[in-house]
Amino acid sequence: MINYPVPGSTLANTTVAQAQAFLKSPTLLAQRLAEILSDHNFLAHYLLRGQYRMVGGAVAYVPDESTSSGAKAETVAPGGEYPLTSLPVDTAVLVAALKKGLATEIADETVGRLQMDPVERALQMLAYDLVSQFDEAAISAIRSAVAQVIAASGSWATGELADRSIQIVTDVEVAKATIKGQKKGYRATSVVLTDLQWAAVAPALLPLLPRESGNPILSGGFPNILGVDWVSSSDLPAGWVPLVTDADNLGGIGHEDIPSEGYVSLSSVAAENRSNVEVKRSRQENDSTRVQVRKADVPVVRNPNAGVKINGTGI
């Protein structure tokens with residue numbers, strides 16, 4: 001769950017010596033990056049929940065694999081044989097490894113003049129840019145892969161709020177039924193919108209939200225309505241239409257372990273962090289310190305039929 005604002009650094013009021021000590025420690029840099037990412041999570045990891053390990057520079061997967069064989073259960077007599085069900089023979093797909101990285105240099109002069117401020121700004125810039133760029137690549141892959149489309153029953157953006165609420169509920173329920181009706185074991189978990197689309201539909205959904213402390217309007221989190229999470233992002237491509245998906249089965253993230261010296265994984269300092277982001281610092285000859293982050297991950301959309309787009313919503 002994403003909450004705002006991002007917490008400030010624990011070293012916000014520091015001396016120059018403390019800022020220099022912080023900048024020398026890859027572990028402290030990793031801890032601060034983990035704090036930032038805990039409040040600005042990767043949407044790609046939320047929507048692609050499978051975890052795949054890259055072997056030989058690639059990951060192999062079978063697309064749109066059924067979780068049901070379609071075979072009929074038979075009556076088995078006492079001591080009788082159970083009928084065997086054969087798994088479908090599908091062609092595996094290979095996805096090559098991918099590494100995204102960013103780096104910046106923090107000059108000694110800026111640390112001397114502003115203490116921790118340039119370090120904090122550099123870490124936030126690296127974290128936000130890495131999240132945005134990886135999410136953009138992953139969401140584009142999802143958008144291209146998902147081909148199922150249903151037509152909206154009416155506009156989600158115009159008309160009386162009560163009418164809009166009925167139309168939104170109807171369309172999302174139809175999308176959920178479409179996913180479930182394939183009889184592949186899929187169950188919708190999420191509705192994915194742009195930030196502006198969420199702003200357009202939120203007023204119509206307010207009557208469906210709890211009024212107590214669990215109200216997401218108060219907490220800043222994303223609500224669960226109709227049994228699905230409503231999530232939004234500013235990193236979705238132009239022309240995005242609402243997507244209803246089963247994030248548990250849509251796909252996953254393929255990760256490659258790269259044996260590089262000097263990198264600290266965020267998961268090694270924050271066990272709950274599963275972003276696969278690594279950070280490294282190095283001293284430069286031009287009186288500066290370089291901080292670089294990398295993410296050796298590739299998005300894999302394994303089951304595109306676990307998603308449905310809703311066209312004609314008007315948002």
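Two strands are taken to pair if DSSP finds at least two bridges between them, and helices (H or I, at least four residues) and strands (E, at least two) are DSSP runs numbered from the N terminus. The model is predicted, so that local features need pLDDT of at least 70 and side-chain atom pairs count only at pLDDT 80 or more, whereas totals for chains, interfaces and linings use all residues. Residues are numbered from 1 along each chain as its sequence is written, and side-chain values use heavy atoms, with hydrogens and water left out.

**View 1. An open sheet of 3 strands with mixed pairing.** The strands follow the order E1-E10-E14, and the edges are formed by strand E1 (50-53) and strand E14 (297-300), each of which pairs on one side only. Neighbouring strands of this sheet are turned by 25 degrees against each other on average, direction ignored, where axes are lines fitted to C-alpha atoms (for helices over the stretch in contact) and angles run from 0 to 180 degrees between N-to-C directions. E1 and strand E10 (residues 252-255) run parallel and are joined by 4 bridges; Tyr52 has Gly254 in E10 as its bridge partner.

**View 2. The aromatic pair of Phe42 and Phe134.** Rings of Phe, Tyr and Trp (its six-membered ring) pair if their centres lie within 6.5 Å, and planes under 30 degrees apart count as stacked, over 60 as edge-to-face and the rest as tilted. The structure holds 2 aromatic pairs, and the one between Phe42 and Phe134 is edge-to-face, with 5.8 Å from centre to centre and 90 degrees between the planes. Because Phe42 lies in the loop between helix H2 (26-38) and helix H3 (43-47), and Phe134 in helix H5 (residues 117-145), the pair ties together parts that are 92 residues apart in sequence. Both Phe42 and Phe134 are buried, a class defined as under 20% relative accessible area, with exposed over 50% and partly exposed in between (1.4 Å probe, protein chains only).

**View 3. The aromatic pair of Trp198 and Trp230.** This pair is tilted, at 6.5 Å centre to centre and 45 degrees between the planes. Trp198 in helix H7 (residues 195-205) and Trp230 in strand E8 (residues 228-233) are 32 residues apart, and their pair links distant parts of the chain. Trp198 is buried at a relative accessible area of 16%, and Trp230 is buried at 0%.

**View 4. Charged side chains over aromatic rings.** A charge sits over a ring if NZ of Lys or CZ of Arg is within 6 Å of the ring centre and within 35 degrees of the ring normal. Arg294 lies over the face of Tyr263, at 3.8 Å from the ring centre, while Lys295 lies over the face of Phe42, at 4.4 Å from the ring centre.
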